[in-house]
Amino acid sequence: MKKKIPLLLLLLILIFAAVTWYQWQNYQKFLQTPLGLSTNLTVEKGTSAYKLGKKWQEDGLIDNFYYYQLLLKMQPELRNIKAGEYKVSPDFTPQEVLNALVDGKVISYQVSVIEGSNIFELFSAIQSDSRLAHVLKDLAALKSEMGLTESEHLEGIFFADTYQFNKGDSDLDIYKRSNQQLAKVLEEEWNNRADNLPYEDPYEALIMASIIEKETAVPAERPIIAGVFVRRLQKGMLLQTDPTIIYGLLPDFDGDIRRKDIKNPHPWNTYVHKGLPPSPIAMVGREAIHAALNPEDGKALYFVAKGDGSHYFSETLAEHNRAVRKYQLKR
């Protein structure tokens, strides 16, 4: 009887070893088997590695969930996955996929706030971007989220730049980042402004920057145009800039400025009202803000578009009228 016990024990040990070896071989096979994901993988916020594995099992990508649990137990660092959208390959094993999710190298997209665009153009562009989650129904909702009253204008709170985002980020996230970036850049530029400028505060400089942004797409002309407008303000002259007429007619402007539009007394019309308009008329970038706060010295008080994107600058009205006949009326 005493001899049978060791034999039974030995048999049990052999059986246990065989089962263990069999399970270990299957586990190694599990580690080496591609998961078979064929598209970009999106991990929602709040999703755990365990919950993700359960979904893979339900989708038929994992045959035995026990081995997946064993992987997480043996390598607990794989539990620290991050939400986002990831580029994966069909030949990625479960461990390789989890490693990618732990690294957090998500697919990044970008959206641009275009220099010189108005809020209607910006809102339309962001709303049409299907990669963003949309939480804003209309401009009224955007104003409310940004803490503006119904009478305040959105052009004065967003910075023209390109913003990176991940899938799942919202349209509101972009607007808030753009607003924070504008505050940062405006403060930096205001603190390094030239002397003797006709602005009472940074907001007035932002208004000027928006006019500069709309008047030229030639970078070298921005400080020159800023100088023209600053001198006009200092002399008490009307700014007489067409983009301010157009802004007051949005969103119904049809592309043509008529005589009645020039005489339209809306608050932004600088052909009617002296000084700066009450709010910015477009989204601005750093270059336009810098130009508004560092205008180029000179004597020019007038400029006219030459038809090639650049402008002709004049010191006198007589010279300006000749330039108008040459570059505008001839065309």
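**Salt bridges, cores and a pocket in a predicted model**

Good morning. K184 and E188 sit four residues apart in helix α7, so about one helical turn separates them. Helices here are DSSP runs of H or I with at least four residues, and strands are runs of E with at least two, both numbered from the N terminus. This is a predicted model, in which local features need pLDDT of at least 70 and side-chain atom pairs count only at pLDDT 80 or more, while totals for chains, interfaces and linings use all residues. Residues are numbered from 1 along each chain as its sequence is written, and side-chain values use heavy atoms, with hydrogens and water left out.

K184 and E188 form a salt bridge, their closest N and O atoms being 2.9 Å apart. A salt bridge requires a side-chain nitrogen of Lys or Arg within 4 Å of a carboxyl oxygen of Asp or Glu. A further salt bridge joins E189 to R286, at 2.9 Å from N to O. Because E189 belongs to helix α7 and R286 to helix α12, this pair ties together parts that are 97 residues apart in sequence. E189 is buried at 8% relative accessible area, whereas R286 is partly exposed at 30%. Buried means under 20% relative accessible area, exposed over 50%, and partly exposed in between, with a 1.4 Å probe and protein chains only. K184, E188, E189 and R286 are linked in a network of salt bridges.

Which residues touch the most other members of the largest nonpolar core? They are L142, F158, Y175, Y199 and I289, in a core of 55 residues. Helix α7 gives the most to this core, with seven residues. Such a core is a set of buried Ala, Val, Leu, Ile, Met, Phe, Trp, Tyr and Cys residues joined through side-chain atoms within 4.5 Å. Beyond its neighbours within four places in sequence, Y175 is in contact (heavy atoms within 4.5 Å) with L122, F123, I126, L136, L142, M146 and F158.

Finally, the largest pocket holds about 790 Å³ of space. Of the 28 residues lining the largest pocket, E215, D242, Y271, F303 and V304 are the closest to its centre. On a 1 Å grid over the protein atoms alone, a pocket is an open set of points where a 1.4 Å probe fits, with protein on both sides within 12 Å along at least five of seven lines; lining residues have an atom within 4 Å of a point. Strand β5 supplies the largest share of this lining, four residues.

Terms used. Points joined across faces, edges and corners; volume = space filled by probe spheres on them.
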